[in-house]
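This is a short briefing on a protein model, arranged by topic. Please read it alongside the sequence and the coordinates.

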Number of protein chains: 2
Amino acid sequence: MHQRSAHRSLLVIGSVALDDIDGPAGMQRDLLGGSASFIARVASYFTKKVSVVAVIGDDFPQTHVDELTQLGVDTSAISRVPGETFHWVGKYSDDLTSRETLDTRLGVFGEWQPKVPEAQRDAQLVLLGNIDPVIQLDVLKQMRAPALVALDTMNLWINIKRPELLATLAKVHTLMINDEEARLLAQEHNLHKAATAILKHGPSSLIIKRGDAGALLFHEGGAFAAPAMPLADVKDPTGAGDSFAGGLMGYLAYAGDLSPKTIRTAMIMGSVMGSFAVEKFSVDGIRDLTNAKIQKRFDDLAELTHFERITI
Amino acid sequence: MHQRSAHRSLLVIGSVALDDIDGPAGMQRDLLGGSASFIARVASYFTKKVSVVAVIGDDFPQTHVDELTQLGVDTSAISRVPGETFHWVGKYSDDLTSRETLDTRLGVFGEWQPKVPEAQRDAQLVLLGNIDPVIQLDVLKQMRAPALVALDTMNLWINIKRPELLATLAKVHTLMINDEEARLLAQEHNLHKAATAILKHGPSSLIIKRGDAGALLFHEGGAFAAPAMPLADVKDPTGAGDSFAGGLMGYLAYAGDLSPKTIRTAMIMGSVMGSFAVEKFSVDGIRDLTNAKIQKRFDDLAELTHFERITI
């Protein structure tokens, strides 16, 4: 990918975690996980202006941080503090379509009050990963004038901090959630109606991630459907949604504009990167990608959906 | 739609039924239903060379038959015999995503031995609607040299007549089923792997219908994903899959060729017609459509999925 001078800067705030994941392939322990781990790594393929704000404990392997640094990511705001790193333990069903959380040990993540370093308060794109909406809003207030703020959240916050989440939502441009979260937030099963209801809370666009059914974008310019690549080998869905977000935001930073046309392409890049993520465990699917591999899958998605416009 | 001389003829064999449907809108009784009712009506928008082979009882309103005839469909092979018409009673969940069968009264459908009239044995396209695979094969043997034979089936036949179904499958070009049926038939959850397994049984293409996640085509030329239109008002999913099939086969008859390019367009026409079907009860959603309405939704689907091919 050529490095354009027009690249925008991207600030990612989220979790950096260790995961124990059980499933059809057996238990895998201490995998690198966390939303920011996937997002930043994916975005680094598109721009070298990525910085991460996160917290880790003293059990977190420094090699993971070093690897991100080597990819050109600014890791100076990943704070190491005494205590255990956020640790998620989950189990997937045999068909990988559902998962249950067996244990969540917040560790140092539980009392984290993120502080955005002075140098990063001018970031043009901001991705507020899935954390307490009160903290998301606090982080947002530290930013000067971002051109685009995207927010992720989850059922936990929708259920226990709805008013706080809605207050944060009113301040962001884009909400990125999955279909069940959209239904829960809107209290409406129909996704089209749910989107209309959610957009009334402030954001100008809503992206609904639907796993192997692709992703939908709803915004003023209408709707856009990004397909998911039909894959024969799916190993681990963990991080697929975050990789989608990383591809989308990374491409927007790379492209340097936020036109509807560019946002459509960015949705496809999200689908591309999500499809790589699920093919291997942890971040292995998004490790060592090349421009050629990314371009190939982009072209494959274009071919997957191409049809001729006809007049009957 | 202009009537091309190159139109191919389409023979549809399937059920013509009466449905009692319970759901969020309350119980609706004696609705016109059955696969052939949807398929033939939808296909009639694309070609006037549609004929139906079906059976009805003496309780079936003649107006429904007359209406099909007025649309240009050859209904001469819809046989009325003494007894009750096939009657399905079902109940949808409040969110319309699942349904249970409360009662199935086969009536005259139970002992039906379809006979294709001499004049229709030269039909170029054949759609074998969801009936006993032994009967499907018997019908197929009555045809002379169809250019394309498509088959629909259901979990019942996959479960109780698997060997017979596989024998029929070996003789057809295209299998059109939904995702759960594909998984059941292949004994494999992953749809890509399921498709590979199913295509080994003989058909050259497999179409997997996924409801509001669209439809997937797997064939020698690779995969194609047709989106579903995100709709705010969904009233009744009954007949959506059959309307998809009718749009697909109707468009193929209209276009007059079976090239991969035309098949992709036909998949989109399937999605267009399926989207109309769910907006109202019974066949009301596919009644009184115009070329302009069909073209508009086709264009909307094109717009829904359009993105620019870029080089990174």
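The model is predicted: local features need pLDDT of at least 70, side-chain atom pairs count only at pLDDT 80 or more, and totals for chains, interfaces and linings use all residues. Residues are numbered from 1 along each chain as its sequence is written, and chains are lettered from A and ligands numbered from 1 in the order in which they are written.

**Overall form of chain A**

- Chain A has ten helices and 13 strands, where helices (H or I, at least four residues) and strands (E, at least two) are DSSP runs numbered from the N terminus.
- The radius of gyration of chain A is 18 Å, close to the 20 Å that the globule rule gives for 312 residues, so chain A is as compact as a globular protein of that length. The radius is taken over C-alpha atoms, and the rule is 2.2 Å times the number of residues to the power 0.38.
- The C-alpha trace of chain A spans about 65 × 45 × 45 Å along its principal axes.
- Buried residues make up 51% of the 312 in chain A. A residue is buried if 20 or more other C-beta atoms lie within 10 Å of its own, exposed if 12 or fewer, and partly exposed in between, with C-beta atoms placed from the backbone.
- Of the contacts in chain A with a separation of 6 or more, 65% join residues 24 or more positions apart; a contact needs C-beta atoms, placed from the backbone, within 7 Å.

**The sheet**

- An open, mixed sheet of nine strands in chain A has the order 5-4-1-8-9-10-11-12-13; two strands pair if DSSP finds at least two bridges between them.
- Its edge strands are strand 5 (74–80) and strand 13 of chain A, each pairing on one side only.
- From one strand to the next, the twist averages 15°; axes are lines fitted to C-alpha atoms, for helices over the stretch in contact, and angles run from 0 to 180 degrees between N-to-C directions.
- Strand 4 (residues 50–56) and strand 5 of chain A are parallel, with five bridges, and Ala54(A) stands opposite Ile78(A).
- Helix 9 of chain A lies across strand 12 (215–219) and strand 13 of chain A, at about 30° to strand 13.

**Strand 11 and its neighbours**

- In strand 11 (residues 205–209) of chain A, five of five residues are buried: Ser205(A), Ile207(A) and Lys209(A) on one side, Leu206(A) and Ile208(A) on the other.
- Strand 10 (residues 174–178) of chain A runs parallel to strand 11 of chain A, joined by five bridges; Ile177(A) stands opposite Ile208(A).
- Strand 12 of chain A pairs with strand 11 of chain A in the antiparallel sense, also over five bridges, and Ser205(A) stands opposite His219(A).
- Strands 11 and 12 of chain A form a hairpin with five residues between them, and Gly211(A) in the turn has a positive phi of about 60°.

**Contact between the chains**

- Chain A and chain B each give 36 residues to the contact.
- Helix 7 (191–199), strand 13 (222–226), helix 9 (260–277) and helix 10 (291–305) of chain A each supply at least two residues.
- Helix 10 of chain A gives the largest share of the chain A side, seven residues.

**Positive phi outside glycine**

- Gln187(A) has a positive phi of about 55° and counts as exposed, with 9 C-beta neighbours inside 10 Å.
- Leu96(B) has a positive phi of about 65° and counts as buried, with 20 C-beta neighbours inside 10 Å.

Key:
Contact = placed C-beta atoms within 7 Å.
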